[in-house]
Amino acid sequence: MTMLNWMEQELEALAERSLERSLRTVSAAKDCQGYIESGGRKLLHLSSNDYLGLAGHPDIANAMRQALLDEGAGSGASRLVTGNRPPYARLEQALAVWQQSEAALVIANGYMANTGVIAALAGRGDVVFSDKLNHASIVDGVTLSRAEHARYRHNDMDHLRSLLHKHRDKRRKLIVTDAIFSMDGDQAQLRELAELKHEYGAMLMVDEAHSGGIYGARGEGLCAELGLHRQVDVHVGTFSKAFGVYGAYVSGSRTLIRWLTNKARPLIYSTALPPSLVAGISASLEIVQAEHWRRLRLREGSRLFRSRLAAAGLNVGAGDSPIVPVIVGDNAAALRFSSTLEAEGIAAVAIRPPTVPDGSARIRFSLSAVHTDEQLADAADRIIPIASGLGVVPR
Ligand SMILES: Cc1ncc(COP(=O)(O)O)c(C=O)c1O
């Protein structure tokens, strides 16, 4: 069979199961925060990770513009060669202060941070304990590391304990978790994970991709909000979500950062981020720390939206974050839900396997501090009858 033949056949099979994906172009709506434009229409944007509404912030754009003029468009080399421009040192110092850690390291994005860090911390003969709902970049990191992959049932600490016990004699043990689960919006059991890490002499790595900027008095994340940041050995976060920019960081001990500088392959073998981007992240970090009102606003809006949907009988999961899933189950039904919402002026994308487990296709609503209570209440009032019409409400 030729390459085109087998690809077409397999794509056909994906399409039949309502699992084919395709790219579409969307733009930020002009002068209208919280909306996007797609196919010539303005849609309320309930599918973005721009949680604090910073992606369009003029101070960030200005910092990027200035660094672009000062340092040029590209960094020209990896950081260990000659790509380590002045904005990096400024940002990494500020990150360490923000996280109250000894040191921090910027890596190109969250996917590369997770894969690079896990593969640098564990190898053949080691074991990585990972929640079944952890992000794909964590799963891929474990595969790359060649360590044994011990996946525990979602947030099931008894299951994790039994796996830790089974592997207690392994050379190195790493427990890794999302702080807020990306497709469910619920929290990891961070206190219990910290206790188990101590009990079994494991390392603990927490990915704050969906909690950085949102939790903690200065947006440090969920570990800090719970007073647990000192229990975490490896703290990873991304700048592509609440920070509204792009890129990622790791923070922890000086020795950890020295180790990663020598061993994290995505850092070593990939060109440094453009200096303008790094300067933009620094500007965003200042706003994230200073503008607590964005976190409060996001929380209020999330509470209102979530409680309206739940009161109507929709299954919105167990979280309290701005990620509000409405579980539909069937892939085709989730796609129908999404296209009906779009016809009603709401952009909310259907999330299907393998991003979520089979049989749990959903609409993942994600909210932003720029949404007003009126917008969210009005959206909920339009979502509920659509869900009822499609038989999504379990009554
Ligand atoms: C939990 C989690 N970790 C890591 C990533 C990857 O981050 P980035 O988009 O910066 O590559 C994502 C999503 O993109 C995520 O949801």
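Helices and strands here are DSSP runs, numbered from the N terminus. Keep in mind as you look around that this is a predicted model.

Let's start with a strand, β5, which covers residues 127-131. How many of its residues are buried? It turns out that 5 of its 5 are, so the strand counts as mostly covered, with buried meaning under 20% relative accessible area. If you follow the side chains along β5, V127, F129 and D131 point one way, while V128 and S130 point the other way. Whichever way they point, these residues are all buried.

Strand β6, residues 148-152, runs parallel to β5, and 5 bridges join the two. To get your eye in, find S130 and look across to β6, where R151 stands opposite. To get from β5 to β6, the chain passes through helix α6, residues 136-145, and this β-α-β crossover is right-handed. β5 also pairs with strand β7, residues 173-178, again in the parallel sense, this time over 4 bridges. Here V128 has L174 in β7 as its bridge partner.

Next, hop over to D50, in the loop between β3 (41-45) and α2 (58-71). D50 is buried, yet it has no salt bridge. Which side chain of opposite charge is nearest? That would be R294, 7.3 Å away; a salt bridge needs the charged atoms within 4 Å. Setting aside neighbours within four places in sequence, D50 is in contact with A55, K241, G244 and S368.

Most residues other than glycine have a negative phi, and most peptide bonds are trans. Q100 has a positive phi of about 50° although it is not a glycine. You'll find Q100 in the loop between α4 (86-99) and β4 (103-107). Is Q100 buried or partly exposed? Its relative accessible area is 41%, so Q100 is partly exposed.

N155 has a positive phi too, near 55°, and is likewise a residue other than glycine. With a relative accessible area of 18%, N155 is buried.

The last stop is a peptide bond: P353 and P354 are joined by a cis one, with omega at about 10°. To find the place, look for P354 in the loop between β13 (350-351) and β14 (361-366).

How values were computed:
Residues are numbered from 1 along each chain as its sequence is written. This is a predicted model: local features need pLDDT of at least 70, side-chain atom pairs count only at pLDDT 80 or more; totals for chains, interfaces and linings use all residues. Side-chain values use heavy atoms; hydrogens and water are left out. Buried means under 20% relative accessible area, exposed over 50%, partly exposed in between (1.4 Å probe, protein chains only). Lys and Arg count as positive and Asp and Glu as negative; His and the chain ends are not counted. Contact means heavy atoms within 4.5 Å. Two strands pair if DSSP finds at least two bridges between them. A crossover is right-handed if, with the strands pointing away from the viewer, the path from the first strand over the helix to the second runs clockwise.
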